[in-house]
Amino acid sequence: MRIGGFQKLSFVDFPERIASVVFTQGCNWRCPWCHNPSLVYPEQFEASIPEEEIFQYLKKRTSFIEGVVVSGGEPTLQNDLPAFLGKVRELGYKTKLDTNGSYPAIIASLLDDGLLDAIAMDIKASPCNYPKIVGVPVDIGSIKVSARLIRESGISYQFRTTVLPHLHQPEDGKAIAEWMEGVEHFSIQEFKTKEGSETVAMETTELKESFICALEKKVKRLTVGNA
């Protein structure tokens with residue numbers, strides 16, 4: 001795989017597990033607010049980290065680290081993702097995938113082959129507003145198929161939305177809530193900038209609260225944090 005980053009230790013990316021996080025290079029979307037542009041735009045890619053370097057580390061940490069998260073970028077663009085996950089599992093680690101859900105056939109294959117213990121999927125917007133948020137044309141039907149596969153997978157899963165003032169509206173929260181009704185775990189993330197005005201901060205908080213109000217009535221478990 002093309003690996004653009006490796007976080008050796010994380011206590012937050014794999015629920016209830018100490019994990020390492022592998023970040024793949026390349027993404028099919030162009031979200032204007034993306035906080036990992038160096039993993040999205042080819043002209044910003046740094047030299048790929050060799051897989052062997054990752055596995056050398058993991059082989060020495062089996063008594064401490066419990067899981068490995070593959071994030072991105074968009075990991076399902078990597079043709080050798082299944083082989084990589086298989087190698088991770090051979091070492092005894094649990095595996096988690098972070099995805100935007102744009103390739104349901106790949107998600108289905110990974111689930112069918114038993115290569116995942118957990119999965120998180122970003123819900124970028126209400127279905128009708130996806131192209132505006134992700135910056136490219138989107139097959140929303142594929143996104144919905146991925147969401148359904150994940151809900152029916154039988155493994156630990158989470159859906160999550162980062163609320164964005166001026167891109168999202170309260171109506172988006174209502175539409176997402178209807179779409180996600182009955183899911184086991186949904187997370188709302190408030191986008192934080194290093195420098196922001198008091199007005200923007202207030203708008204973000206108000207938008208987040210409108211999403212919370214809509215979703216807490218529809219999902220089984222709702223958590224709130226920062227992106």
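Let's start with a term: a residue is called buried when its relative accessible area is under 20%, exposed when it is over 50%, and partly exposed in between, using a 1.4 Å probe and protein chains only. What you have above is a predicted model, where local features need pLDDT of at least 70 and side-chain atom pairs count only at pLDDT 80 or more, while totals for chains, interfaces and linings use all residues. Residues are numbered from 1 along each chain as its sequence is written, and side-chain values use heavy atoms, with hydrogens and water left out.

With that in hand, look at His166. Its relative accessible area is 60%, so His166 is exposed. You'll find this histidine in the loop between β6 (156-163) and α6 (170-179); helices here are DSSP runs of H or I with at least four residues, strands are runs of E with at least two, and both are numbered from the N terminus. Phi of His166 is near 80°, a positive value in a residue other than glycine.

Glu16 has a positive phi too, near 65°, and again the residue is not a glycine. Glu16 sits in the loop between β1 (3-10) and β2 (19-24), and it counts as exposed because its relative accessibility is 83%.

Now head inside. In soluble globular proteins, nonpolar side chains tend to be buried together. A nonpolar core is a set of buried Ala, Val, Leu, Ile, Met, Phe, Trp, Tyr and Cys residues joined through side-chain atoms within 4.5 Å. The largest one here has 54 residues, and Phe84, Ile123, Phe159, Met180 and Phe186 have the most contacts inside it. Helix α7 (residues 198-215) gives the most to this core, with 5 residues. A second, separate core has 7 residues, including Phe14 and Leu39.

The lining has 50 residues, and Asp13, Asp98, Asp122, Arg160 and Gln189 lie nearest the centre of the pocket. Strand β6 gives the most to this lining, with 6 residues.

Terms used:
On a 1 Å grid over the protein atoms alone, a cavity is a set of points where a 1.4 Å probe fits but cannot get out, and a pocket is an open set with protein on both sides within 12 Å along at least five of seven lines; lining residues have an atom within 4 Å of a point.
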